[in-house]
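Here's a quick tour of one model, with a look at its salt bridges, its surface and its pocket. Have the viewer open as you read.

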Amino acid sequence: MGAVEAKLAELGLTLPDVVPPLAAYQPAVQSGPYVYTAGQLPMVEGKLPLTGKVGAEVTPEEAKELARTCALNALAAVKSVAGDLDRIARVVKVVGFVASASDFTGQPAVLNGASELLGEVLGDKGVHARSAVGVAVLPLDAPVEVEIQVELA
């Protein structure tokens, strides 16, 4: 077990299996020293724990926890192509989408769930640029979707 996975275990987390693609794409691809993940839904054991819009059926606190799950799924996708999470030199960019009720404007706070997880697990290597985007609907009526770009050492 590498240092990153040991840190996950210390936090009481286990790296999940890679979420299978819902359509014609790969969960992650490597180009040069970079790994780009596809958008990761907050799937747990093959299903979404919650569905709906944040600010309506899903609370911001629930959505923040779902964003953590998305980030964990993204790390699993990175490992699937990098082989070892200890190869991560840094997280470069996080893009998060929040299925939002029409009056919900707390997308950045929701995406803090993903950002904070990456910081807890990777330390300074987890500091990144980020976009938080409110959208009308996401695949499978998921409340949150997160993709990451990492640079490998």
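Which residue's side chain meets that of Lys64 in a salt bridge?

## The Lys64 bridge and its neighbours

It's Glu116: the side chains of Lys64 and Glu116 meet at 3.2 Å, N to O. That pair ties together distant parts of the chain, with Lys64 in helix α2 and Glu116 in helix α3 (residues 107–122), 52 residues apart. There's also a network here, in which salt bridges with shared partners join Glu65, Arg68 and Glu120. Helices are DSSP runs of H or I with at least four residues, strands are runs of E with at least two, and both are numbered from the N terminus.

Lys64 has a relative accessible area of 30%, so it counts as partly exposed. Glu116 is partly exposed too, at 36%. The cut-offs are simple: buried is under 20% relative accessible area, exposed is over 50%, and partly exposed sits in between (1.4 Å probe, protein chains only).

## What you're looking at

Before going on, bear in mind that this is a predicted model: local features need pLDDT of at least 70, side-chain atom pairs count only at pLDDT 80 or more, and totals for chains, interfaces and linings use all residues. Residues are numbered from 1 along each chain as its sequence is written, and side-chain values use heavy atoms, with hydrogens and water left out.

## Salt bridges at helix α1

The structure holds 6 salt bridges. One of them pairs the side chains of Lys79 and Glu5, 2.7 Å from N to O. Here again the pair links distant parts of the chain: Lys79 belongs to helix α2 (residues 60–82) and Glu5 to helix α1, 74 residues apart. Lys79 counts as partly exposed because its relative accessibility is 27%, and Glu5 gets the partly exposed label at 21%.

Another one stays local. The side chains of Glu10 and Lys7 meet in a salt bridge of 3.0 Å, N to O. Both residues lie in helix α1, 3 residues apart, or about one turn of the helix. Glu10 is exposed, with a relative accessible area of 62%, whereas Lys7 is partly exposed at 27%.

## A nonpolar patch and a pair of positive phis

Tyr25 sits in the loop between α1 (3–10) and β1 (28–31), and its 34% relative accessibility makes it partly exposed.

Leu140 comes from the loop between β4 (129–135) and β5 (144–152) and is partly exposed at 48%. Its backbone is worth a look: phi is positive, about 60°, although Leu140 is not a glycine. Asp141, found in the loop between β4 and β5, also has a positive phi, near 65°. Most residues other than glycine have a negative phi. Asp141 is partly exposed, with a relative accessible area of 30%.

## The largest pocket

The largest pocket holds about 250 Å³ of space. Of its 14 lining residues, Pro16, Met43, Val44, Glu45 and Gly46 are the closest to its centre. By class, the lining has 8 nonpolar, 4 polar and 2 charged residues.

How is a pocket called? On a 1 Å grid over the protein atoms alone, it's an open set of points where a 1.4 Å probe fits, with protein on both sides within 12 Å along at least five of seven lines; lining residues have an atom within 4 Å of a point. The volume is the space filled by probe spheres set on the points, which are joined across faces, edges and corners. Ala, Val, Leu, Ile, Met, Phe, Trp, Tyr, Cys and Pro count as nonpolar, Asp, Glu, Lys and Arg as charged, and the others, Gly among them, as polar.

Definitions and conventions: Salt bridge = Lys/Arg side-chain N within 4 Å of Asp/Glu carboxyl O.
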